[in-house]
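This report describes selected helices and their contacts. Please consult the sequence and the structure shown below while reading.

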Amino acid sequence: MRIDVLSIFPEMVEAFASAGLLGKGRRNGLVEVRVHDLRSVTTDAHRSVDDAPFGGGAGMVLMAEPIFATVEAVDPPRPLLALGPGGRRFDQAMARELVATGGFSLLCGRYEGIDHRVHTNLIDGEVSIGDYVLAGGEVAAMVIMEAVGRLVPGVMGNANSAEDESFSDGLLEYPQYTRPATLRDLAVPEVLLSGDHGRVARWRRAQSLLRTAQNRPDLWHARGGLGPEEQRLLAEFGLVLPASMGAAAGGEPAHS
Ligand code: JF5
């Protein structure tokens, strides 16, 4: 896996990519991260990477020339993706798509945006990590590097691939506990100590359903609500869904 990052704050990205599991994956030769400083290709005395917008307005725009020059100098792997709030929303499915490319590149914008000729003539797509505005694309690039890097075989072992699949079944994870069984009068749910593996699995599934209904109505409605077997599962553990979340798609309407 190769990931190239184009940024005016390369030290920020380099430090991140050197730490933790991603750093270990790099040192082991599983993930190659190359960070390129957009300022290093500038030729003017001030090493300029930004300028005022044509037509006026507040703030500065990232200039096209340093980006074109960097791409020509380093020939980064494609697709070349720009980070920005206007892009396609990044999610676990896109992380799987990106790891399957074997290599891609990330352009970190700053200021009010990037000269649009970069979008129309150089980049292959724009990616957003969510509906909020950052000061620059570096943090978004780090999010993508981490989410994709951990999918590279060997970076985290293969222990998590099954759990990632469970995210793709559209439910949130169930709650986890570890020792001690009682902490300041707070007991671990008795089912987890019961040794009844079938009942543990059913409890976890019921908890995943409840959490998803409570916290993620978007995921809940996308999977079509609750099937009859899942209704039995919730009843087994005395769990009650929030109002109007009980009906499966095509079942009884929650309200008129
Ligand atoms: C950026 C111009 C890029 O703000 C973001 C962002 C939000 N979600 N995903 C990315 O990127 C930084 C700011 C201004 C271009």
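## Helix α10 and its buried side

The buried residues of helix α10 pack against α8 (197-215), where contact means heavy atoms within 4.5 Å. Helix α10 spans residues 228-236, and its buried residues are E230, L233 and L234; buried means under 20% relative accessible area, exposed over 50%, and partly exposed in between, for a 1.4 Å probe and protein chains only. These three cover an arc of only 95° around the axis, which puts them on the same side of α10; the arc is that of the directions from the helix axis to the C-beta atoms. An α-helix has 3.6 residues a turn, so residues three or four places apart point the same way.

The face turned away from the buried side of α10 carries the exposed residues P228, E229, R232 and A235. After α10 comes G238, which has a positive phi, near 65°.

## Basis of the model

This is a predicted model, in which local features need pLDDT of at least 70 and side-chain atom pairs count only at pLDDT 80 or more, while totals for chains, interfaces and linings use all residues. Residues are numbered from 1 along each chain as its sequence is written, and side-chain values use heavy atoms, with hydrogens and water left out. Helices (H or I, at least four residues) and strands (E, at least two) are DSSP runs, numbered from the N terminus.

## Residue E230

E230 lies in helix α10 and is buried, with a relative accessible area of 14%. Apart from neighbours within four places in sequence, E230 is in contact with R205, L209, R223 and G225. D115 is 115 residues from E230 along the chain, and their C-alpha atoms are separated by 51 Å.

## Helix α1 and its partners

The axes of helix α1 (residues 10-18) and helix α6 (residues 138-149) come within 10 Å and cross at roughly 20°. The two helices are therefore roughly parallel to each other, a term for angles under 35 degrees. On the α1 side M12, V13 and F16 meet E138, M142, M145 and E146 of α6. The residues of this contact divide into five nonpolar, no polar and two charged.

Helix α2 (residues 20-27) packs with α1 at an angle of about 80°, their axes 5 Å apart. α1 and α2 are therefore roughly perpendicular to each other, the term for 65 to 115 degrees. E14, F16, A17 and S18 of α1 make this contact with G20, L22, G23, R26 and R27 of α2.

Conventions. Axes fitted to C-alpha atoms, helices over the stretch in contact; angles between N-to-C directions. Parallel < 35°, antiparallel > 145°, perpendicular 65-115°, else oblique. Nonpolar A, V, L, I, M, F, W, Y, C, P; charged D, E, K, R; others polar.
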